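Hello,

Here is the structure I promised to pass on to you. Have a look at it first, and then read on for my notes.

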Amino acid sequence: MKNIYSNIFSFNNKTLNKTIIFLKKGNVVGLPTETVYGLAGNAYSKKSVEMIYKLKKRPKFNPLIVHFLSYKDAEKDVIFNKNFFKLYKKICPGPITFVLKKRQNSKIHPSVTVNMNTVAIRFPSHRIIRSILKKIDFPLAMPSANLSTGVSPVNAENVSEELKRRIKMIIDGGKSKIGIESTVIDLTNKPKILRPGIISPNEIKKILGLNIKIGSKNLKSKSPGLLKKHYSPGIPIFLNKKLFDTNHAFITFGNRHRNISNYFNLSKKSDLKEAAANLYEILRKIKRKNYRKIYIVKIPNQGIGIAINDRLRRAAHKK
Ligand code: TXA
Ligand code: MG
């Protein structure tokens, strides 16, 4: 347990029990998931939910995802439909979030859903979060554990760097395997992807047997949290670049590029899954090395590349 971050704990029976006590008291905890690390609190508790918004400096109009162990636990809060069950069967637990109608008598705190009649739910697969969910009788509201508009954390140290000493407990679950946030799909009407992720539009299309829309401009009112500027390392990013400048960081992809100290390769073998897993850590590394600008090559816009490009576009957005 010895490390320079005194709020990071390895996972064992003792820290599991401590986490449960923390959560039951309405405190918040940094937890690993297979996508990115989250800042977790009791979704039914006003105290926990308010603390989450405050610690993240998250705008009050950006709703949170509620995490459950299985659909059975979510039944009393959410109204399911056929498309939900089709996707749930094939993908869950896993990196997908469903926007569904909230039950009128749900105990989910209204701030979680910013008073909307829909709620986003997810069933994470990471063994640590599942062992925690097994031991509590409330779901976890859990946004990514970064400050609002910043880059999501993919390991325990990232969480500590983001939230500093304001968070007392972070459970170390190693590097997040997927490395970018879950795919968010709205199932309240015709299925529509609000946030692309590892689960690609094609995969969803195959499972549902119908065409699905990918978020458009009128998304804004539908998912107020899908801010244009997001995932930002805090320095300017320039997309689809071929040229480079030795003073600036250059993010590459594939084996075309040489090993130069200001070159950072997302995946030498041109594997988009690997690129997604490396993306946020590379953005942080570049920031740590004090580069002032980031140039990045064009990333193929297919499959997981759609999600990577979505994050890069937002990271590059100025306001
Ligand atoms: O992979 C993930 O989903 C991670 C891990 C920790 O589970 N969580 C995550 O949460 O990325 P967050 O808060 O960073 O992103 C949640 C997204 C936001 O864009 C938010 O606007 C959207 O989900 N969202 C939440 N509730 C919604 C709702 N009722 N309708 C539409 N969008 C919603
Ligand atoms: Mg986030």
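Asn-115 sits in the loop between strand E6 and strand E7 (118-122); helices (H or I, at least four residues) and strands (E, at least two) are DSSP runs, numbered from the N terminus. Its phi is positive, about 60°, although Asn-115 is not a glycine. Most residues other than glycine have a negative phi, and most peptide bonds are trans. Asn-115 counts as exposed because its relative accessible area is 67%, where exposed means over 50%, buried under 20% and partly exposed in between (1.4 Å probe, protein chains only).

Before you go further, please keep in mind that this is a predicted model, in which local features need pLDDT of at least 70 and side-chain atom pairs count only at pLDDT 80 or more, while totals for chains, interfaces and linings use all residues. Residues are numbered from 1 along each chain as its sequence is written, chains are lettered from A and ligands numbered from 1 in the order in which they are written, and side-chain values use heavy atoms, with hydrogens and water left out.

Two other loops are worth a visit. Asn-290, in the loop between helix H9 (272-288) and strand E16 (294-296), has a positive phi of about 65° without being a glycine. Asn-290 is exposed too, given its relative accessible area of 63%. In the loop between H4 and E6 you will find Pro-93, which is joined to Cys-92 by a cis peptide bond with omega about -5°.

Now for the inside. Which residues have the most contacts inside the largest nonpolar core? They are Phe-98, Ile-121 and Leu-140, in a core of 65 residues. A nonpolar core here is a set of buried Ala, Val, Leu, Ile, Met, Phe, Trp, Tyr and Cys residues joined through side-chain atoms within 4.5 Å.

Leaving aside neighbours within four places in sequence, Leu-140 is in contact (heavy atoms within 4.5 Å) with several residues, among them Leu-23, Leu-31, Ile-65, Ile-129, Ile-132 and Leu-133. Helix H5 has Ile-128, Ile-129, Arg-130, Ile-132 and Leu-133 buried. These buried residues pack against helix H1 (13-24), strand E2 (29-31), strand E4 (65-67), E8 and strand E9 (170-172). Asp-137 lies in the loop between helix H5 (127-134) and strand E8 (140-141), and counts as exposed because its relative accessibility is 65%.

Next, a pair of helices. The axes of helix H4 (residues 82-91) and helix H7 (residues 201-208) come within 9 Å and cross at roughly 115°; axes are lines fitted to C-alpha atoms, for helices over the stretch in contact, and angles run from 0 to 180 degrees between N-to-C directions. On the H4 side, Asn-83, Lys-86, Leu-87, Lys-90 and Ile-91 meet Ile-204, Ile-207 and Leu-208 in H7.

Where does strand E10 pair? Strand E6 (residues 96-102) and E10 are parallel over four bridges, with Val-99 opposite Asp-186 in E10; two strands pair if DSSP finds at least two bridges between them. E10 is also joined to strand E11 (residues 192-195) by three bridges, and these two run antiparallel. A hairpin of five residues connects E10 to E11. Along that pairing, Val-184 stands opposite Arg-195 and Ile-185 opposite Ile-193. Strand E10 (residues 183-186) is covered on both faces: Thr-183 and Ile-185 on one side, and Val-184 and Asp-186 on the other, are all buried. E11 in turn pairs in the parallel sense with strand E12 (residues 213-214) over two bridges, where Lys-192 stands opposite Lys-213.

Finally, there is an open sheet of four strands in the order E13-E16-E14-E15, with parallel pairing. Strand E13 (237-238) and strand E15 (263-265) are at the edges with a single partner strand each, so one side of each has no neighbour in the sheet. Strand E14 (residues 249-252) and E15 run parallel and are joined by three bridges, and Phe-250 has Tyr-263 in E15 as its bridge partner.
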